[in-house]
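Here are a few exercises to work through with the model in view. Try each task yourself, then read the solution step by step.

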Amino acid sequence: MALENPPGSAFLLAAVGAHAAARFAERVADLDLTPPQVGLLGLVAASPGQSQQAVAQVLGMPPSRLVGLVDALADRGLVERRRNRADRRLHALHVTDEGTAMLARISKIGREHNDALCRSLDARERETLRDLLSRIAADQGLRPGIHPGFRSV
């Protein structure tokens, strides 16, 4: 069986994506976090006060699976559940001061990760790559800022 030479764009995207995801997981492991926890923390910070059910819907995952992620972040003091004022049966999620500090550390790691991954590209090429990948993501129905991997967490 002969492999496609040169490899196709879809193969290269998958290979670079798998490499980038593994390296990012290694980087955030130093903070004792997983990539799904990082994504959840960022989402809660971007939209504070959402219910766990609403967050699960945005992420495309069952609410029962989200509970464990929220529990892990709450146990570390990074997020907190507050009773929803409009519906006391629901819990609204908020980032704590400790969570905000952690997000600053994550942001620094993210910039370093991006720089390491794209070091062979100049600034103009990086912007072009980002624009092209954004177009592909939009065409494929991916939600900006939401990793499709949450569906299988």
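Is Gln37 buried or exposed? Gln37 is buried, because its relative accessible area is 11% and buried means under 20%, exposed over 50% and partly exposed in between, with a 1.4 Å probe and protein chains only.

A quick word on the ground rules. This is a predicted model, where local features need pLDDT of at least 70, side-chain atom pairs count only at pLDDT 80 or more, and totals for chains, interfaces and linings use all residues. Residues are numbered from 1 along each chain as its sequence is written, and side-chain values use heavy atoms, with hydrogens and water left out.

**Exercise 1. Get the overall layout.**
Find out how many helices and strands the protein has, and in what pattern they come.

- Step 1: Count the elements. There are six helices and two strands, taken as DSSP runs (helices are H or I with at least four residues, strands are E with at least two) and numbered from the N terminus.
- Step 2: Read along the sequence. The pattern is α-α-α-α-β-β-α-α.
- Step 3: Look at the dimensions. Along the principal axes, the C-alpha atoms fill a box of roughly 60 × 30 × 30 Å.
- Step 4: Check the inside. Of the 153 residues, 26% are buried.

**Exercise 2. Follow the neighbours of Gln37.**
Say where Gln37 sits and which residues it touches.

- Step 1: Gln37 belongs to helix 2.
- Step 2: List the contacts, meaning heavy atoms within 4.5 Å. Leaving aside residues up to four places away in sequence, Gln37 touches Asp32, Leu69, Ala72 and Leu73.
- Step 3: Zoom out to the whole protein. Among contacts with a separation of 6 or more, 57% join residues 24 or more positions apart.

**Exercise 3. Explore the largest nonpolar core.**
Work out which residues touch the most other members of the core, and which elements supply it.

- Step 1: Know the rule. A nonpolar core is a set of buried Ala, Val, Leu, Ile, Met, Phe, Trp, Tyr and Cys residues joined through side-chain atoms within 4.5 Å.
- Step 2: The largest core has 27 residues, and Leu33, Leu40, Leu41, Leu59, Leu66 and Ile106 touch the most others in it.
- Step 3: Trace the elements. Two or more residues each come from helix 1, helix 2 (35–46), helix 3 (52–59), helix 4 (63–75), strand 2 (91–95) and helix 5 (97–117).
- Step 4: Name the top giver. Helix 2 gives the most, with five residues.
- Step 5: Take one member as an example. Leu40 touches Val55, Leu59, Leu66, Leu69, Val70, Leu73 and Phe150, again not counting residues up to four places away in sequence.

**Exercise 4. Look down helix 3.**
Which residues of helix 3 are buried, and why do they line one face?

- Step 1: Find them. Gln52, Val55, Ala56 and Leu59 are buried in helix 3.
- Step 2: View helix 3 down its axis. The buried residues fall within an arc of 100°, so they line one face; the arc is that of the directions from the helix axis to the C-beta atoms.
- Step 3: See what they pack against. The partners are helix 2, helix 4, strand 1 (79–83) and strand 2.
- Step 4: Step past the end. Gly60 follows helix 3, and its phi is positive, near 75°.
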